[in-house]
Amino acid sequence: MINKHKGILQYGGDEGSNIALGQLGFKVLDSASESTGDGTFVAFKVTGGGSATTAVITATCHQGDGLTVTVLTGEIIWGAFKNITAGTLGTGVEVLCYYG
């Protein structure tokens with residue numbers, strides 16, 4: 001039997017709350033083509049740069065399809081991600097990848 005990640009349902013109430021607060025830590029991607037490597041991540045957030053600065057992010061999910069998306073500074077995307085890669089980053093932009 002394969003031990004498959006169950007997404008947010010894998011966690012209890014307290015664990016889910018702690019993850020939402022970022023208490024498991026994060027990995028910073030601050031250069032183009034940088035990747036988290038395989039792991040379990042519950043969200044990523046684009047920070048730095050100006051308010052209209054963007055980043056192109058590719059994320060591989062534990063379940064379902066992956067995605068490639070352009071994200072504005074300040075936005076956060078939640079999901080059950082296995083790998084997150086920074087494609088194109090604007091000047092002064094970094095991506096916070098939250099462990100889960």
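Phe44 is in contact (heavy atoms within 4.5 Å) with Ile57, Ala59, Val69, Val71, Glu75, Ile76, Ile77, Phe81, Ile84, Val95, Leu96 and Cys97, when residues up to four places away in sequence are not counted. This is a predicted model, in which local features need pLDDT of at least 70 and side-chain atom pairs count only at pLDDT 80 or more, whereas totals for chains, interfaces and linings use all residues. Residues are numbered from 1 along each chain as its sequence is written, and side-chain values use heavy atoms, with hydrogens and water left out.

- Phe44 counts as buried because its relative accessibility is 0%, where buried means under 20% relative accessible area, exposed means over 50% and partly exposed lies in between (1.4 Å probe, protein chains only).

**Aromatic pairs**

- Three aromatic pairs are found in a search of the whole structure, the rule being that rings of Phe, Tyr and Trp (its six-membered ring) pair if their centres lie within 6.5 Å, with planes under 30 degrees apart counted as stacked, over 60 as edge-to-face and the rest as tilted.
- One of them joins Phe44 and Phe81 in a tilted arrangement, with 5.4 Å from centre to centre and 50 degrees between the planes.
- Because Phe44 lies in strand S2 and Phe81 in strand S5, this pair ties together parts that are 37 residues apart in sequence.
- Phe81 counts as buried, since its relative accessibility is 1%.

**Cysteines and Tyr99**

- Cys97 counts as buried at 0% relative accessibility, and Cys61 also counts as buried, at 16%.
- The count of disulfides comes to zero under the rule that a pair of cysteine sulfur atoms must lie within 2.5 Å.
- Tyr99 is found in strand S6 and is partly exposed, with a relative accessible area of 33%.
- Although Tyr99 and Phe44 are 55 residues apart along the chain, their C-alpha atoms are separated by 9.2 Å.

**The loop between S1 and S2**

- Ser33 is found in the loop between strand S1 (26-29) and S2, and has a positive phi of about 70 degrees although it is not a glycine.
- With a relative accessible area of 61%, Ser33 is exposed.
- Thr36 has its place in the loop between S1 and S2, but is buried, with a relative accessible area of 12%.
- Leaving aside neighbours within four places in sequence, Thr36 is in contact with Lys27, Leu29, Phe41, Lys82, Asn83, Ile84 and Cys97.

**The chain as a whole**

- The chain has one helix and six strands, which follow the pattern α-β-β-β-β-β-β when read along the sequence.
- Of the contacts in the chain with a separation of 6 or more, 73% are between residues 24 or more positions apart.
- Buried residues make up 31% of the 100 residues in the chain.
- The accessible surface of the chain comes to about 5,700 Å², of which 51% belongs to carbon and sulfur atoms, with areas taken from the Shrake-Rupley method with a 1.4 Å probe and, for residues, only the protein chains shown counted as cover.

Conventions. Helices (H or I, at least four residues) and strands (E, at least two) are DSSP runs, numbered from the N terminus.
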